[in-house]
Amino acid sequence: MNFSWFYKLGSPKWFYSMTTSWVKPIGILSLALMIIAFVWGLAYAPADYLQGNSYRIIFIHVPSAFLAESIYCMLAVCAFLFFIWRVKLTDVFLESLAPIGASFCLLALVTGAIWGKPTWGTWWVWDARLTSMLILLFLYLGIIAFRQAATSRKNADRGCAILTVVGAINIPIIKFSVDWWNTLHQGATLKITGASTIATEMLHPLLLSIVAFYLFFVFVLLLRVRNNLLLRESKTKWVNSLFIPN
Amino acid sequence: MFFDSLESMLNMGNHGKYVWSSYAITTVILLWNFISPIMVKHKIQQKSAIVSSKTIKPN
C-alpha cells in the first residue's frame, strides 16, 4: 500500500502551501452560516414550552461544548501520532489546538452557567457534568501553562503530549456523566442513534450552528497552525522565500 | 418572525438579559480566536521583513 500521501501530510511546507487557498473561503463560509444560524435561532425559532426563551442559549452552548470535547479528542490523537510516528506536524497541532479548545470550554461553562440561572435557579452546582467540564478547562490550561513553562520546545512537546493522553480519561466521563450519575444537567438532546429529543424547528438552526462553529474552528486552527509553522521553520529556505520582497 | 416587536425580542419574556449576554460573550470569544492569530502573523511578517532587509544586499 502506498503511504506517500501520509508522509506528504506531515510535511510543513506542503501543508502550508496546500492550505493557503483554504483559509479565506472557510472563514467567510463559517461567518455567513453563523449569522444565519444566530438570526434563525434568536428571531424565528419558537420558544420552549417549559424554559421559555432562555433555551435560545442552546445555539451557542451545545456547539461550544461539542467543540471543547472534540478538540480534546483531536489533541489526544495528535499526542498518539506524536509518540508513534513523530510526524512533524502533530506537535504543531498540539500547540495550536489547546488555546482554541480552552476558549470553547470556557464559553460552554459560562453560557451553561448563564442558562442555569433562569432554568435551575442557580449559576453553578457541583454535579458530574459541570465538574467534569471544569476539569477539562483545567486540563487545557495545564497544557498551555506547561508549554509556556518548559525549558525547551522538545520538552514542551513531549510533556504536553503525555499530559494530553493522561487527561483523555476525562472525555468519556463528560460524555456519560448524565447517564452514570443523577445530575441536574439534562440528558443528550442530539442522538446519533435514535430520535433527538428536540423539535424540528429548533433542531435545524442548532445543526446549522454546530456546522458553523466547526467551520470557524477549522478556520482559526489553520490560522494558528500556519503561524506556528512559520515560527518553528523560520530558519528554513521555504519560509525565508515567503518573505523576500519581489 | 417569532416575536411581535423588536422590544419583545430584546426582552424575551424577561430572559433577554441571559440570552443577549451569552451571545455578547460568544462574540468576544470568537473575536479573540480570530484576532490573536492575526496579530501573531503581523508580528512574524514584521520580524521577517527586518531580517530579510538585513540579509538582502542593496544593488
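Let me start with A:W115: apart from neighbours within four places in sequence, this residue is in contact with A:S54, A:I57, A:H61 and B:Y18. Contact here means that C-beta atoms, placed from the backbone, lie within 7 Å. This is a predicted model, in which local features need pLDDT of at least 70 and side-chain atom pairs count only at pLDDT 80 or more, while totals for chains, interfaces and linings use all residues. Residues are numbered from 1 along each chain as its sequence is written, and chains are lettered from A in the order in which they are written.

A:W115 sits in helix α5 of chain A, residues 88-120; helices are DSSP runs of H or I, at least four residues, and strands are runs of E, at least two, numbered from the N terminus. Why is A:W115 classed as buried? Because 23 other C-beta atoms lie within 10 Å, and the cut-off for buried is 20 or more.

Now the two chains. Chain B has two helices and zero strands, and of its 59 residues, 15% count as buried. Between the chains, 26 residues of B are in contact with 29 of A. On the B side, helix α2, residues 16-55, gives the most, with 19 residues. That side divides into 17 nonpolar, eight polar and one charged. Nonpolar covers Ala, Val, Leu, Ile, Met, Phe, Trp, Tyr, Cys and Pro; charged is Asp, Glu, Lys and Arg; the others, Gly among them, are polar.

Last, A:L94. Leaving aside neighbours within four places in sequence, its contacts include A:L75, A:F82, A:D157 and A:T164.

How values were computed. Contact = placed C-beta atoms within 7 Å. Buried ≥ 20, exposed ≤ 12 C-beta atoms within 10 Å, placed from the backbone.
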